[in-house]
2 protein chains.
Amino acid sequence: MLAYDISKAGDDSLYHFLSRSIKDDILSGRLEPDAKLPSKRPFANSLGVSVITVENAYNQLIAEGFIYSLSRKGFFVAAIPQKNSNIQQKKPVKQSRESLHTEQAKAPHYIADFVNNQVDASTFPFTTWAKLTRKVLCEQQRELLTRSPNSGVQKLRKSIAKMLLEFHGMRVSPEQIVVGAGTDCLYAWLVQLLGFDKKFGVEDPGYSKISKIYRKLNVVCNYIPLDENGICIDQLEETCTDVVHLSPSHHFPTGKVMPVSRRYELLSWAAKSSNRYIVEDEYDSEFRMVGRPIPSLQNIDVQDKTIYINSFSKTLASTVRVGYMVLPKTLAKKFHEEFSFYICTVSNLEQYVLAKFIGEAHYEKHINRMRNFYRHRRDTLLETIRQSKIRDYIEIAEEDAGLHFILKVNTELSDEEFCERALKNGVHIRALSDYYAEAEPSQHEFIINYSSVSESRMKRAVQQLEKILE
Amino acid sequence: MLAYDISKAGDDSLYHFLSRSIKDDILSGRLEPDAKLPSKRPFANSLGVSVITVENAYNQLIAEGFIYSLSRKGFFVAAIPQKNSNIQQKKPVKQSRESLHTEQAKAPHYIADFVNNQVDASTFPFTTWAKLTRKVLCEQQRELLTRSPNSGVQKLRKSIAKMLLEFHGMRVSPEQIVVGAGTDCLYAWLVQLLGFDKKFGVEDPGYSKISKIYRKLNVVCNYIPLDENGICIDQLEETCTDVVHLSPSHHFPTGKVMPVSRRYELLSWAAKSSNRYIVEDEYDSEFRMVGRPIPSLQNIDVQDKTIYINSFSKTLASTVRVGYMVLPKTLAKKFHEEFSFYICTVSNLEQYVLAKFIGEAHYEKHINRMRNFYRHRRDTLLETIRQSKIRDYIEIAEEDAGLHFILKVNTELSDEEFCERALKNGVHIRALSDYYAEAEPSQHEFIINYSSVSESRMKRAVQQLEKILE
């Protein structure tokens with residue numbers, strides 16, 4: 001049986017030490033693909049830890065794609081294409097994307113809106129934000145009126161770099177960071193940076209806004225189907241895609257996490273041509289309900305092929321328009337050389353307030369609060385479903401994957417009919433099949449964004465779904 | 001009581017003749033600061049005009065900052081810092097464009113930087129801005145977290161529409177207005193709206209950033225030469241330009257104002273094809289040193305061919321990233337139909353604060369203050385030049401044209417040499433010839449942006465120029 005010296009865990013949590021040790025053995029090849037891992041109980045006994053610790057470690061490794069489980073058979077080592085010693089840290093995270101249906105005007109009144117995935121307004125840290133805003137307006141007047149570099153003010157880029165290191169173990173220089181008024185702006189700069197002659201590829205199913213933006217920008221945009229592990233590499237080759245845009249840590253809408261094996265395959269695909277790049281769009285990687293984040297592609301990429309993009313829309317509010325991208329060094333150089341005539345799209349006030357918010361650790365505290373808040377919300381909804389009659393008709397998937405999960409429904413109704421009936425009953429819900437462009441859509445799966453649904457409405461919402469299914 | 005011979009108004013409107021006459025008396029010193037002007041009714045009677053005429057004349061003078069009113073007390077002459085005989089003409093107003101050289105990092109230390117055209121930091125209305133920010137953060141939390149329509153929050157668009165009506169006589173609906181994080185963002189949307197197949201045309205000489213952006217966006221961008229009256233229409237035809245981008249109210253860098261005749265020629269050029277549009281980029285039309293604004297193209301366009309673009313970079317600060325465009329109704333419809341997936345690029349906080357700032361008349365007061373501030377700065381510089389030895393070598397042009405004027409220099413030095421020697425002497429200056437792309441550049445003309453040069457440095461700066469010319 002595998003043996004690790006648990007006393008060496010030091011400050012690390014036991015489960016994390018254990019998962020890291022196993023991961024090292026997988027990456028070094030000591031544990032071979034498909035090798036069976038010890039059963040939880042005897043393993044726990046031999047290590048002198050609790051069964052929960054082993055369970056947590058295994059769950060973490062499953063989420064990251066290092067191991068897989070077969071029901072009633074146990075846990076097995078996954079096949080990892082490239083062993084690379086520099087991926088020993090970090091983990092995944094998840095949550096849902098901005099809904100296409102909430103952009104304009106006021107939302108109608110639903111009992112529950114599982115399509116809307118804006119963050120809950122009540123969670124915004126107004127007191128702190130207002131305090132910092134007053135402070136910046138008072139103390140940093142000179143800085144407020146000095147034109148920001150086009151990539152954003154240095155204080156903010158430094159704060160972001162520090163945050164990326166602390167939250168995600170990413171080592172990036174502030175010079176690689178470009179701040180913009182939301183990711184839309186950054187996509188437009190990215191296309192200009194990479195070239196209008198490049199062929200872009202997006203995930204199918206996926207967040208349809210991404211392809212819409214690429215098409216509006218007049219570049220070729222291919223839909224690339226997914227298999228169980230994420231985007232199909234052979235389809236990238238077949239469509240001659242140069243730049244692939246994806247969310248490996250939490251695919252939208254399926255909620256899946258791309259296993260490490262596919263990540264390495266993707267990186268080797270990118271390494272094959274100087275034209276190829278990966279846009280890693282981490283729209284919600286700060287939230288983790290369970291376990292720690294999977295290392296980002298940017299983190300394990302040693303060839304400078306990954307452009308990491310994220311924003312503060314999910315963690316603060318989508319009405320605070322700040323996004324950022326981390327450019328590979330070569331592209332960062334190109335940006336600084338060729339884009340100097342552009343002006344940063346975020347106001348200085350917002351940049352300095354956000355820099356302070358991150359720098360003074362308010363952001364970290366806020367994320368922790370939000371994680372608990374949403375975990376509680378998710379747990380309440382899951383419990384409500386379990387105690388209702390619909391539990392016999394449904395299965396829940398990817399419930400650890402952030403601010404949405406998948407409801408697989410055993411029904412004769414078409415997805416369209418189901419959603420229509422739900423709507424008539426006051427429940428706004430969208431089918432997974434809605435997010436497919438060209439690929440064959442999976443049926444009877446529905447996306448449950450719970451971020452904006454208050455606990456008090458959950459019971460009524462579930463009762464409405466009962467009516468449809470009974 | 002003041003007496004003017006109204007019969008001399010000629011073709012001029014009565015109110016305009018009256019306001020011009022009073023202004024002349026203020027500028028010449030005949031009317032002293034804080035002198036009370038006649039009440040409207042008796043004044044109208046004595047002149048033989050209607051009360052409305054006097055009222056309109058006073059309103060114009062108030063808007064321009066020449067007089068002020070105290071409620072229930074009447075109208076008084078404002079303190080105009082320096083009376084100067086050569087500003088008795090009327091003209092538009094103007095100001096310089098954002099320098100290409102100030103985008104990154106800190107500016108080196110010059111005695112005077114006539115290239116930098118950022119607004120003077122000390123003029124930003126911090127107290128009011130901070131007060132309104134606190135108020136919005138406190139009172140509008142719900143609105144702050146409700147996603148803005150992609151065209152901007154309604155309160156702001158309404159404020160802008162009202163302001164356009166009051167300042168420029170433009171009648172536009174808030175639905176035609178699209179707010180974005182600076183004009184750069186708006187240009188990118190505009191290209192997507194008009195189509196990547198369109199051929200764009202920019203003024204030569206011109207603000208080089210515009211052509212850079214169009215080229216980065218991968219659209220054809222022609223340089224169109226100017227004649228005395230502005231852009232050459234025949235060249236638009238010859239180059240098959242579809243969309244022409246220009247600043248008729250204040251061309252950069254020449255400072256010229258497009259006469260009404262050319263404006264109408266331009267509109268009839270646009271009317272000849274459904275593909276043709278005019279982008280009217282009014283980067284500084286709020287400032288008027290003297291006289292009334294020429295009506296915008298948008299204002300006289302009855303065919304819905306003009307897209308009006310402006311921002312708050314010059315009037316507030318370039319670090320407040322808010323610009324807007326007024327779309328013709330057909331394009332506005334297209335925008336609302338096809339661009340709904342885009343998110344507004346300006347944070348809600350900034351939108352609501354700005355809406356309040358405009359709505360509560362702070363903006364109007366601020367503009368008036370700024371106009372006086374810059375007029376004083378300009379007059380001081382002109383006076384310094386006139387009292388120096390360089391007056392024998394130079395001629396000044398377009399000095400009423402806003403925040404920059406043209407210095408025509410009688411010198412054997414090439415433009416490059418002149419600028420280099422100036423730089424060695426601590427004076428940052430740029431030649432007009434620098435702004436030509438393809439057209440034959442005019443020589444020995446230099447652009448003097450005075451907006452960021454404090455009065456205390458002007459004498460030293462002019463002395464340095466003397467050294468070069470003597």
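**Chain B against chain A, and aromatic pairs**

Between chain B and chain A there are 2 salt bridges, a salt bridge being a side-chain nitrogen of Lys or Arg within 4 Å of a carboxyl oxygen of Asp or Glu. This is a predicted model, in which local features need pLDDT of at least 70 and side-chain atom pairs count only at pLDDT 80 or more, whereas totals for chains, interfaces and linings use all residues. Residues are numbered from 1 along each chain as its sequence is written, chains are lettered from A and ligands numbered from 1 in the order in which they are written, and side-chain values use heavy atoms, with hydrogens and water left out.

**The interface**

- Contact, meaning heavy atoms within 4.5 Å, involves 51 residues of chain B and 51 residues of chain A.
- The two chains bury about 4,900 Å² between them, 60% of it on carbon and sulfur atoms, where buried area is the accessible area (1.4 Å probe) that two parts lose on being put together, summed over both.
- Of the area that chain B buries against chain A, 18% comes from Arg147(B), Lys216(B) and Phe341(B), more than from any other three residues.
- Lys216(B) also forms a salt bridge through its side chain with that of Glu338(A), at 3.2 Å from N to O.
- By class, the side of chain B that touches chain A has 23 nonpolar, 17 polar and 11 charged residues, with Ala, Val, Leu, Ile, Met, Phe, Trp, Tyr, Cys and Pro counted as nonpolar, Asp, Glu, Lys and Arg as charged, and the others, Gly among them, as polar.

**Aromatic pairs**

- Over all chains there are 47 aromatic pairs, in which rings of Phe, Tyr and Trp (its six-membered ring) have centres within 6.5 Å, planes under 30 degrees apart counting as stacked, over 60 as edge-to-face and the rest as tilted.
- The pair of Tyr58(B) and Phe75(B) is tilted, because the ring centres lie 4.6 Å apart with the planes at 55 degrees.
- Both Tyr58(B) and Phe75(B) are buried, that is, under 20% relative accessible area, with exposed over 50% and partly exposed in between (1.4 Å probe, protein chains only).
- Tyr68(B) and Phe76(B) have ring centres 5.6 Å apart and planes at 25 degrees, so this pair is stacked.
- Tyr68(B) counts as partly exposed at 28% relative accessibility, whereas Phe76(B), at 11%, counts as buried.
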